[in-house]
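Notes follow in the order I made them.

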Amino acid sequence: MTAPLIAPFDSSAAWKTTQRLVSANSDVLLAIAGVFFLLPMLVWAVFIPPIDATPDMTQEQVAQVLEAYYTRNLPYLLPLSLLQMVGFITMLVGILDRTRPTVGEALRNCAVRVPAYLGAQLLTGAVAVGLLVVVAGVLMALRVPAPIAAVFGLAAMIWPMLRTIMVGPVLGVGKTRNPIMAIRASLALTKGNTARIMAFLGLAAIAFLIVSNLLTMLVGLLATLVLGKDAQAARLIAEAFSAVLYASGYTWFVVMLAAIHGELTKDLPRPFL
């Protein structure tokens, strides 16, 4: 018996599916995004002071400031990251499950999937960091300039992350709770389609970054002009607007992953795994 083939990735069809999923699940997406994406960003903006870096700092000084910032705020960063991870899986369950679960039902279904997703992320992260260190280290040992070695190291790091990008949707729609099986399924789905998926997500990310940065700068400028000397209030308004943009962008990213999964598995048995 011939095994079913993975469908070639069609970015146009995936984008149409993304739009359809957003339109059909807008109520679920808004509820989940508000609680799990927007709220953590607002909490971070209000209670965590911004990075204290200035343009005249050297690279070493900037690195020290960043290290101190994230070390100091790690107790807050971890639970907020976990909350967003729960929202990520809950959103995938909500839009991929054909029984159309409510937000509460999707959240309950998410509880058994989050440990598997976390395990898969840790495994993938370990492999990605290992590739970064090995590739960059070997190139530098061959006397390749450090910036070029770093670029190749980052490319080696990104590749396994792209190959395992379907782990979330596989866990969200399938029956498996095994992180290894989810990784294997993602590797099978993305085989031969990785470059197309990277182009699809990359172009969307570039467009989002350009638009969001321009809008954030505009809102920050208007807030500064209106509020004058109240720099703290202006900062909070700009951060709140940035949080709304982040929640919107991340929601579209999750839906795009669901659409990619749908395109790649359209010729496979349902549910896949």
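Below are my entries, starting with the ground rules.

**Ground rules.** I am working from a predicted model, where local features need pLDDT of at least 70, side-chain atom pairs count only at pLDDT 80 or more, and totals for chains, interfaces and linings use all residues. Residues are numbered from 1 along each chain as its sequence is written, and side-chain values use heavy atoms, with hydrogens and water left out.

**Largest pocket.** I looked up open space, and the largest pocket holds about 1,500 Å³. Its lining has 47 residues, and those closest to the centre are Gln 84, Tyr 246, Gly 249, Tyr 250 and Phe 253. Terms for my own use: on a 1 Å grid over the protein atoms alone, a pocket is an open set of points where a 1.4 Å probe fits, with protein on both sides within 12 Å along at least five of seven lines, and lining residues have an atom within 4 Å of a point. Volume is the space filled by probe spheres set on the points, which are joined across faces, edges and corners.

I then checked which elements give two or more residues to this lining; among them are α2 (26-47), α4 (74-96), α10 (194-227) and α11 (231-264). Helices here are DSSP runs (H or I, at least four residues), numbered from the N terminus. The largest share, 12 residues, comes from α11. By class I get 34 nonpolar, 11 polar and 2 charged residues. In this count Ala, Val, Leu, Ile, Met, Phe, Trp, Tyr, Cys and Pro are nonpolar, Asp, Glu, Lys and Arg are charged, and the others, Gly among them, are polar.

**Second largest pocket.** This one has a volume of about 470 Å³. Of its 23 lining residues, Ile 95, Leu 96, Asp 97, Arg 98 and Val 173 are the closest to its centre. α1 (11-24), α4, α8 and α11 each give two or more residues to the lining, and α11 again has the largest share, with 5 residues. The classes come out as 8 nonpolar, 6 polar and 9 charged.

**Core.** Which residues have the most contacts inside the largest nonpolar core? I found Met 166, Leu 201 and Ile 260, in a core of 48 residues. A nonpolar core is a set of buried Ala, Val, Leu, Ile, Met, Phe, Trp, Tyr and Cys residues joined through side-chain atoms within 4.5 Å. Buried means under 20% relative accessible area, exposed over 50%, and partly exposed in between (1.4 Å probe, protein chains only). Leaving aside neighbours within four places in sequence, Met 166 is in contact (heavy atoms within 4.5 Å) with residues including Leu 257, Ile 260 and His 261.

**Asn 25.** I find this residue in the loop between α1 and α2. Asn 25 counts as buried because its relative accessibility is 4%. Not counting residues up to four places away in sequence, Asn 25 touches Gly 94, Ile 95 and Arg 100.

**Salt bridge.** My search of the whole structure found 1, where a salt bridge is a side-chain nitrogen of Lys or Arg within 4 Å of a carboxyl oxygen of Asp or Glu. Glu 263 pairs with Lys 266, with the closest N and O atoms 3.6 Å apart. Glu 263 is buried at 9%, while Lys 266 is partly exposed at 45%.

**Arg 143.** This residue sits in the loop between α6 and α7. Arg 143 has a positive phi of about 70°, although it is not a glycine. With 78% relative accessibility, Arg 143 counts as exposed.
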